[in-house]
Amino acid sequence: MTGATGGVGRLVVDELLALGADDVRALTVNPAEAGLPAGVEVVRGFLGRPSTMPSALAGMDRMYLAPVIETNAEVCRMAAAAGVRRIVDMAGAKGDHWQAIEDGVEACGVPYVHLEPGEFMTNATLWAAQIRAGDVVRDGYGSAANAPIAVEDIAAVAARCLLEDGHEGHSYALTGPESLTRRERVLQLGAALGRELTYVDLPHDELVRELAAPMGEYAAWYAAGLRILAEHPQRAVGTVAQLTGRPAVTFAAWARQHADLFKP
Ligand SMILES: NC(=O)c1ccc[n+]([C@@H]2O[C@H](COP(=O)([O-])OP(=O)(O)OC[C@H]3O[C@@H](n4cnc5c(N)ncnc54)[C@H](OP(=O)(O)O)[C@@H]3O)[C@@H](O)[C@H]2O)c1
């Protein structure tokens, strides 16, 4: 397990244990601080520094691969050399920013499963500071619609792809259960909080300035993606339900579960 303390990877660890795995090894730069569950073998290392990886990879059969683009190809080659027989990588839609992850995995020759989530529901925390401060959310491309996914669902799929046979060679596009506009998501957050939020649609340049605080150098890239979504909404796909046997988490449910993130 790489990324084992990350937003997705930590939940993959929990899913693996819940599904009965008793031989999970988790990678972290700081084992003492990792807070991983009992029964998990915790090893020191970081995907971004391949020199730390050989001992972590020794004896591993399957690997969950978190996306660290800069060193990905090298780490995949090391995994192949160490005898890893399946890589389940978590990147993004084909052809996007994370394509290099899938390319590196395929180049190393290890059988793979590609997980291709779209936007995470946790990205709604972009609005958290504004919602904590008042009832107005200044955003942009309010009509841009996509089907964000809960990280819990990505983790549930990842764990099954690690433990079950029959997934190798597949690429799984993963979304939440419904396509929602940004405006609808803000209104659903308001409902979860028992508040009436007002969505303000900013022009493009102003949106990029607004996003710069939480997103830094990715603000322009993210806003450009929203412009495309406003014209070409993303539809939901049923992969999570098909692979896990239960419905994917709705945004409304996610908002209720995580309402504290938006409370003053
Ligand atoms: N938000 C979206 O909509 C979206 C969509 C598709 C894909 N993605 C990508 O999905 C990934 C998911 O993130 P995640 O939260 O599950 O985390 P992750 O990238 O899978 O793993 C993060 C973990 O890597 C380890 N790490 C150690 N040193 C690090 C460093 N210098 N920089 C970064 N990580 C370091 C940390 O663990 P230790 O400190 O324990 O070593 C950290 O918990 C992100 O790369 C994101 O860009 C996001």
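Are Phe-251 and Trp-254 buried or exposed? I looked this up and found that Phe-251 is buried, as is Trp-254, where buried means under 20% relative accessible area, exposed over 50% and partly exposed in between, with a 1.4 Å probe and protein chains only.

I noted that this is a predicted model, in which local features need pLDDT of at least 70, side-chain atom pairs count only at pLDDT 80 or more, and totals for chains, interfaces and linings use all residues. Residues are numbered from 1 along each chain as its sequence is written, and side-chain values use heavy atoms, with hydrogens and water left out.

**Aromatic rings**

I searched the whole structure and found four aromatic pairs; rings of Phe, Tyr and Trp (its six-membered ring) pair if their centres lie within 6.5 Å, and planes under 30 degrees apart count as stacked, over 60 as edge-to-face and the rest as tilted. The ring centres of Trp-98 and Trp-221 are 6.4 Å apart with the planes at 75°, so I recorded this pair as edge-to-face. I then saw that the pair links distant parts of the chain, since Trp-98 sits in the loop between strand S4 (86-90) and helix H4 (99-108), while Trp-221 belongs to helix H9 (residues 219-231), 123 residues apart; helices (H or I, at least four residues) and strands (E, at least two) are DSSP runs, numbered from the N terminus. Trp-98 is partly exposed, at a relative accessible area of 27%, and Trp-221 is partly exposed as well, at 45%. Phe-251 and Trp-254 make a stacked pair, 5.6 Å centre to centre with 25° between the planes, and both lie in helix H11 (residues 251-257), three residues apart, about one turn of the helix.
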